[in-house]
Amino acid sequence: MAAMSLLSARGLIRHFGGLRAVDGIDFDLEAGQIHALIGPNGAGKTTFVGLLSGRIPVQSGTIWFNGQDITRLPAHRRVALGIAYTFQITSIFAALPVYDNVALAAQRLHRRDLRVHSMAHLARVGLEGRADQVAGTLAYGHQRLLEIAMGLALEPRLLILDEPTQGLANAEIDGFKALVRGVTPQTTVLLIEHNMEVVMDLADRITVLDAGQVLASGAPAEIRANRAVQAAYLGG
Amino acid sequence: MDFGPFLLLAVMEGLVAAAVLALTAVGLSLVFGVMRVVNVAHGEFFMLGAVSAWFVTHWLPGPPVVGFALALILCPALVAAVAAAADLAVLKRLNYQPQATIVATIGLLYILQQAALSLYGPEARPVAAPFTFNIQFPWFGYSGYKLAVVVAAAVILTVVWLVMTRSRAGLVMRATQIDRDTAQAFGINVDRVYAGVFAFGAALAAVAAVLIVPIQQAHYLMGGDPLLMSFIVVIIGGLGSLRGTVVAALLIGLSDGVISMFFSPTLAKILATLLVALVLVFRPQGLFGRRAG
Amino acid sequence: MRVWTLHLAVLVLLFGLQFVLPPYHFTNFARIMVLAVFAMGYNIAFGVTGLLSLGHALLLAAGMYGTGLAITALGWPAAPALLAGVVAGGVMALAVGVLALRTAGVAFMIVTLMFAQAGYLTILYFGPVTGGDEGLVLARGARAIGGLDLSADTPRYLAALALFAVALLANLALVRSRLGRVMVAMRENEERSRMLGYNPFAVKLAALVISGLYAGAAGAGYAVLFGYIGASFAGIQYSILPLLWVLLGGAGVVLGPLVGVLVMFYLIDISSGYTTAHLLVVGLALLVLVLFAPKGILGALRERLWPWLP
């Protein structure tokens, strides 16, 4: 069971002063699946993936990725190992053209034909026509798509998406769902989401966080039926 | 002179330096603490204090005491006005953004230096001390005025501390330092507080300069050293900590004085600048500051 | 393509100027080109990568004294001494960077300022060797490469132009390379760059070392071409001037530093015909720039007219 996990975490703890953002989490992620992370605001979801991606240092606990202990590894090294993170609050290079944003991600992997690959990644989110546009002038929804394109351009083993559909129109959400389905099973996807429809539609497994701890974990149907989850979060 | 008395002399010289340094550094520390602005022109406010003191004492006839007393009141006020004007005209417009304010204060530095050069000239000129009497120690005579400087600095620092901790103005300053936005929401005019703090910091530097000018001489380039030394003191003492600043000023002023007398002033400065760089790299909160986050 | 054409055209123009410039400006331009190399180095650290260093005089002095002392104290000929100066600049940048890059923002500015001050004071302290404040004059005989006397007007101009040309083209290549794009990314959004797999410390250190090589080359070139090394080049003025030049010409624009040095040089030159208030000119220029024209001359032009300008 553990041997098949692409990523596993044991006993992760991260406090900020008095705030126990992540308070002892065990987690397993299997390769090739789409795993959704849900929970009320303040449950610690973004902090948790921050620990996984290396943005935030772990205070206690261990993280294993692909058989390697990455607990002490800095974030940029984890990217090299194949973990990509897209930000909850859009964090693109606003002053640079859209093309440059994606190229920065893709150039780590492609020495030659950088242009071909970058444009291909932009095409996957429908932004290839805006390659020369300054990224900061994009509509918010398009900026979110650019974030996703940058994540995809890293061609990661594990793609962590933090509230990716926030700000997207319905048509864009459909496109997003197709996109995520298309990258698996080569890429494993861990996504934080509040949009329950997207979660139920996409996820192979769901983990529910509450107050820094795992409340429940399992298949979508189980989670929907779980009373504790209903009480804390789904609210009917 | 034997070693013992020589050391005593070095310590007393260091104490005078520390006194003036403490005043200047507290001015810089206040500005950074409340406004988060690094004022590279702080040394020029010091210089302006000294140069304007020369003008006042030079033009005023009568005994030196009168001229000096007037300078002690007028010059800091004048320098404070210049500082407030600079804050309102320039720094406020830049929204106190860190990179921009540093560049702007560098520009201010050059302008003030030029003003002094053009209006005062390139020479160093002495200012008469308000009183001259020597205190006779068994081994050497020591200027009573120098000791008076130390006492004056101590008094002024105590007043500053009282203002910061006991008065309403001090409360307003500290509130703005802790949380600018909340202070504004409580009706505090942050712009005016900033101008006031900037002026106050400059005034402290000017007072220090007026006190030291009878000992030192006024020169248009005299601001460089106080700037460097205040930086060193504020960083080692911990930004935003008044107590740390005073303690660091004592430490650095004394050791600078002692090393200068026993070795060389240049060596003392080399050690001090390297020390502050290393403190910033390895222990950025200084000796007394609190580590953020 | 037009990018390369433009930059080559600038070089050709500078080459052609040697035939038309009167002697006074002839020497000025040689000086301007060497200082522009220094400014380009600063631009790489500040304009491109966003590192506001207030201690670049240290790197200039490293190059100047590296070369100057190699000639006077070690008796080296000019060519290896020049190389020594360039390397000295890079090594000094490495040493300072390893420590200073552990800080950021205001602390970084102060740390670099402090290191530069310590360097300046050390030069004064070892006065007997370095010449202290008066400095050292380099013998004419030592300032020749392969029989070509670099202290004579035309060879000096051409040597300065050669140095500038290499520096300019290398700068252009850097800015358009992958590393250059990453350096810009670090300036624009360091957190994002980190999460794209780039090591912020390594990238910034690389920027500083390249900057140091440029500064070292400028210092070395100045020593050999103008025959004088002095402590004033390690002083705070030479940490402020490159900032001013880069801001004036356009931070992050490859040709910005040249424009900045040129404009500032002649601004002071012309104004000194009317007044001795040089400091005022510098101070006002800085204030005006930071308040009203933070993008500088070429930066503003790039924004309005020529978005393709590197």
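Strand S4 (residues 60–65) of chain A pairs with S5(A) in the antiparallel sense, over 2 bridges. Two strands count as paired if DSSP finds at least two bridges between them. Phe65(A) stands opposite Gln68(A) in S5(A). Strands of a sheet pair through backbone hydrogen bonds, either parallel or antiparallel.

This is a predicted model: local features need pLDDT of at least 70, side-chain atom pairs count only at pLDDT 80 or more, and totals for chains, interfaces and linings use all residues. Residues are numbered from 1 along each chain as its sequence is written, while chains are lettered from A and ligands numbered from 1 in the order in which they are written.

The S4–S5 pair belongs to an open sheet of 4 strands in chain A, with the order S2-S1-S4-S5 and antiparallel pairing. Its edge strands are S2 (19–30) and S5 (68–69) of chain A, and each pairs on one side only.

Now the whole of chain A. It has 9 helices and 10 strands. These are DSSP runs numbered from the N terminus: helices are H or I with at least four residues, strands are E with at least two. The C-alpha trace spans about 50 × 40 × 35 Å along its principal axes. Why does a radius of gyration of 18 Å agree with a compact globule? Because a compact globule of 236 residues would have a value near 18 Å. The radius is taken over C-alpha atoms, and the globule rule is 2.2 Å times the number of residues to the power 0.38.

Buried residues make up 43% of the 236 residues in chain A. A residue is buried if 20 or more other C-beta atoms, placed from the backbone, lie within 10 Å of its own; exposed means 12 or fewer, and partly exposed is in between. Helix H3 (residues 98–106) of chain A is mostly covered, with 8 of its 9 residues buried. Among them are Val98(A), Asp100(A) and Leu104(A). The buried residues of H3(A) pack against H4 (114–124) and H5 (140–153) of chain A, together with H8 (178–188) of chain C.

Next, the chain contacts. Two residues are in contact if their C-beta atoms, placed from the backbone, lie within 7 Å.

| Chains | Residues in the contact |
|---|---|
| C and B | 31 residues from chain C, 34 residues from chain B |
| A and C | 19 residues from chain A, 14 residues from chain C |

On the side of chain A that touches chain C, H2 (75–81) and H3 of chain A each supply at least two residues.
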